[in-house]
Amino acid sequence: MKMVTAIIKPFKLDDVREALSEIGVQGITVTEVKGFGRQKGHTEIYRGAEYVVDFLPKVKVEVAVSEDRVEEVVDVIVRAANTNQIGDGKIFVSALEQTVRIRTGETGQEAL
Amino acid sequence: MTTQKYLGRSRSLLSIMLLSALPSLTLAQDGLNGANTAWILTATALVLFMTLPGLSFFYAGIVRSKNVLSVLMQCFAITCMVSILWLVYVYSLAFGEGNDWIGGLGKAFFAGVSKDSMADNGIPETVFSMFQLTFAIITPALIVGAFAERMKFSAMLLFSGIWLTLVYAPVAHWVWGGGWLQKMGLLDFAGGTVVHITAGVAALVAALVMGNRHGFPRTAMPPHNLTMTVAGAGMLWVGWFGFNAGSALAANGDAGMAMLVTHISAAAGSIAWMIAEWIRYGKPSVLGIVTGMVAGLGTITPASGFVGPAGALIIGFTAGIVCFLATNVLKRVLKIDDSLDVFPVHGVGGILGTLLAGIFASTQLGIFSGQGFAKGVTSMGQQFGIQFIGVISTMIYTAIVTFIILKVIDVIIGLRVTKEDEIQGLDISLHEERGYII
């Protein structure tokens, strides 16, 4: 099993969610996060005082998938979240040791 | 006039018919003007509404979320404290019988003020005094913006009380209580000198004496809730009708003209600031347009009963541009942390408006004409000279006395909270509360 963690632009969340539903992904976890990458921050001006805002709002999408579906899921997210502009985000794939469905106690692939 | 005559006749009739039955009624009606009284009662409520919650919201939205309650608390506590001091002796010092410099203590605890006591224009003295009280409340509340986010609450209370006594009361007496500036012919309809210059100059001195907030100007200190600020700004605009049109102390043409010019200047100031910011920084901001509104309103205040609508248009536009430039200079060039820009908006606006009143009061400016100069003043030069003296004397007196008050309080109890408390935020460190539990 793998955990696919995607950091995307907030306004792309609906597209990503729909695209994942279409390929049959059963569940995702979404968190509002802040951070910076190559896009860096932006400047805000209040009555002439300029403040550099270092951290930009992003959305973190987490999807737990079986090994054989990783490529497909990553591919779908890349296509759905792409605007071809700096700041589109990143996807991290990491190993996932165990999954448990709380209601039934099922584990592993069964619980995905 | 007709109304007054009519009232006079009916009064004599009444006194014949009802003298034995209702003696207090006839006394109460002695010279009372119902229209004027009704309007000043209303205006009083409008001006209190400017502080609670107008100015409080306006300020509270601009500070960081960890200090939102501290600012609301300061405005509220000032309102309560000033009200009590007003009763005890400040009304007497400002408006009681006295000399050219200060009123006496004859009206301490409102001695001799009954429900039948009358002020000018057929207004009960209770109403006149309440109306003036609301001005005395908002003036120290305006200064809060200068030392926001770092002053001890105890020091703030002590400062506001002493400042009200030593700065506000005498200056109000000079200009409105029969003092030397009034006798000289200073035109200050609703408080360019008494309210805005005193508050603005005191704010600048307070910012300099207290020093900048930790991290200023390097750390970002953006407003935490501009929605609240815009709501407060709207309340200020509405309340300002009471402030300026109420200062006619009558329901008459002066009040109507004051309301008209106030409205025009607010709109012009907003637009001017918006345009200036658009050109200078590329985008028109919400905080910018509402700040321009305050600049337009503060600047028209001294001139409101004396100028015409076209003059107000010029005054408002000038206010928006000049106060915008002043704010930029103070923050970016001088790097003085007058945290909510009290001096560049209210101080500069008050100075500008008091001086411009001396010009646009003239009846010789065609469409830009006003209602004429003070009694006995014959030329624009003479009126402008008087306005200049009013501005300079108010500034110097306020600056010196404010400086001394702050220094003395600093020695006795200290002005600032500790660095730790400041970083934690005053809501928790001074009041053990949070503004938002989300």
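Trainee: Which pattern does chain A follow when read along the sequence?

Mentor: This is a predicted model in which local features need pLDDT of at least 70, side-chain atom pairs count only at pLDDT 80 or more, and totals for chains, interfaces and linings use all residues. Residues are numbered from 1 along each chain as its sequence is written, while chains are lettered from A and ligands numbered from 1 in the order in which they are written. With helices (H or I, at least four residues) and strands (E, at least two) taken as DSSP runs numbered from the N terminus, chain A has 2 helices and 6 strands. Along the sequence their pattern is β-α-β-β-β-β-α-β.

Trainee: Why is chain A described as more spread out than a compact globule?

Mentor: The C-alpha trace of chain A spans about 60 × 25 × 20 Å along its principal axes. The radius of gyration is taken over C-alpha atoms, and the globule rule is 2.2 Å times the number of residues to the power 0.38. For 112 residues the rule gives 13 Å, and chain A is counted as more spread out because its radius of gyration, well over that value, is 17 Å.

Trainee: At what angle do α1 and α2 of chain A cross?

Mentor: Residues Asp15(A), Val16(A), Ala19(A) and Leu20(A) of α1(A) meet Val73(A), Val76(A), Ile77(A), Arg79(A), Ala80(A) and Ala81(A) of α2(A), a contact being two C-beta atoms, placed from the backbone, within 7 Å. These residues divide into 8 nonpolar, no polar and 2 charged, where Ala, Val, Leu, Ile, Met, Phe, Trp, Tyr, Cys and Pro count as nonpolar, Asp, Glu, Lys and Arg as charged, and the others, Gly among them, as polar. Axes are lines fitted to C-alpha atoms, for helices over the stretch in contact, with angles from 0 to 180 degrees between N-to-C directions. The axes of α1(A), residues 13-22, and α2(A), residues 70-81, come within 9 Å and cross at roughly 145°.

Trainee: Is Met1(A) buried, exposed or partly exposed?

Mentor: Met1(A) lies in the segment before β1 (2-8) of chain A, and beyond its neighbours within four places in sequence it is in contact with Ala64(A), Ser66(A), Glu67(A), Leu96(A), Thr99(A) and Leu112(A). A residue is buried if 20 or more other C-beta atoms, placed from the backbone, lie within 10 Å of its own, exposed if 12 or fewer, and partly exposed in between. Because Met1(A) has 17 C-beta neighbours inside 10 Å, it counts as partly exposed.

Trainee: Which element gives the most to the side of chain B that touches chain A?

Mentor: In the model, which scores ipTM 0.73 and pTM 0.85, 14 residues of chain B are in contact with 8 residues of chain A. The elements giving two or more residues to this side of chain B are α11 (286-300) and α12 (309-333) of chain B. The residues of that side divide into 6 nonpolar, 5 polar and 3 charged. With 4 residues, the element that gives the most is α12(B).

Trainee: Over which residues of chain B does pLDDT stay under 50?

Mentor: As the predictor's confidence in each residue, pLDDT runs from 0 to 100, and its mean for chain B is 93, with 93% of the residues reaching 70 or more. For the stretch under 50, the model has 11 contacts beyond four places in sequence, and that stretch of chain B is residues 1-28.
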